[in-house]
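The sequence and the coordinates are shown first.

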Amino acid sequence: MFCEACGTELQPGSRVCSKCGRELIGYEEIKRDRLARHVQLLGIFWVTYSVLHLIGGLALMVLANTLFVHLRSEGAPSFLQPLMSMIAMFLFIKGALGIATGWGLLVRAAWARVMSIILGFLSMVNVPFGTALGIYTVWVLLSPGADVEYSALAERG
């Protein structure tokens with residue numbers, strides 16, 4: 001952060017500017033509000049992204065149990081139906097965890113920060129939306145001091 005009066009870079013935790021002597025009131029509140037807005041947005045993004053996973057899992061489950069059952073009788077490989085069912089179950093689980101994490105971020109649950117960081121790293125392989133969401137999640141929740149700020153947000157409710 002920089003001083004509004006003289007533009008000098010401020011040291012973390014300082015109460016006055018070292019160059020001009022101006023009292024720094026409200027800087028921490030602005031920073032905390034910034035994190036609160038990002039966490040709110042992350043919660044919305046995680047719920048939306050996870051609903052898309054649930055829709056994809058449902059589509060795969062329907063295909064696996066309708067189309068590929070009929071194709072197996074016509075000579076298609078027999079491993080396709082169980083494989084697609086397993087991928088659908090993985091998408092269901094990931095979608096459910098993502099919705100729970102998004103909801104946890106929206107209500108500022110203490111466990112939601114760690115869960116969203118884990119899911120953020122896992123989602124980075126899903127180009128382009130998972131990568132963008134994963135990078136944004138890691139950027140917001142692993143920035144310097146974010147753990148303390150999120151703990152304060154979780155305590156306030």
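## Basis of the model

The model is predicted: local features require pLDDT of at least 70 and side-chain atom pairs count only at pLDDT 80 or more, whereas totals for chains, interfaces and linings use all residues. Residues are numbered from 1 along each chain as its sequence is written, and side-chain values use heavy atoms, with hydrogens and water left out.

## Nonpolar core

A nonpolar core is a set of buried Ala, Val, Leu, Ile, Met, Phe, Trp, Tyr and Cys residues joined through side-chain atoms within 4.5 Å; buried means under 20% relative accessible area, exposed over 50%, and partly exposed in between, with a 1.4 Å probe and protein chains only. The largest such core has 17 residues, and Leu42, Trp46 and Leu105 touch the most other members. At least two residues each come from helix 1 (27–65), helix 4 (110–123), helix 5 (129–141) and helix 6 (146–156). Helices are DSSP runs (H or I, at least four residues), numbered from the N terminus. Helix 1 gives the largest share, 6 residues.

Contact denotes heavy atoms within 4.5 Å. Beyond its neighbours within four places in sequence, Leu42 is in contact with Leu105, Leu133, Tyr136, Thr137, Val140 and Leu141.

The expected span of a helix is 1.5 Å times one less than its number of residues. Helix 3 (residues 80–106) has 27 residues and reaches 38 Å from its first C-alpha to its last, close to the expected 39 Å. Its buried residues include Met84, Leu91, Lys94 and Leu105. Just after helix 3, Arg108 takes a positive phi of about 60°.

Among the buried residues of helix 4 are Arg113, Ile117 and Leu119.

## Aromatic pairs

Rings of Phe, Tyr and Trp (its six-membered ring) pair if their centres lie within 6.5 Å; planes under 30 degrees apart count as stacked, over 60 as edge-to-face and the rest as tilted. The structure holds 3 aromatic pairs. Trp46 and Tyr49 form an edge-to-face pair, 5.8 Å centre to centre with 80° between the planes. Because they are 3 residues apart in helix 1, Trp46 and Tyr49 are separated by about one helical turn. Trp46 counts as buried because its relative accessibility is 1%.

Tyr136 and Trp139 form a stacked pair, 6.1 Å centre to centre with 25° between the planes. Ring pairs link Phe45, Tyr136 and Trp139 into a cluster.
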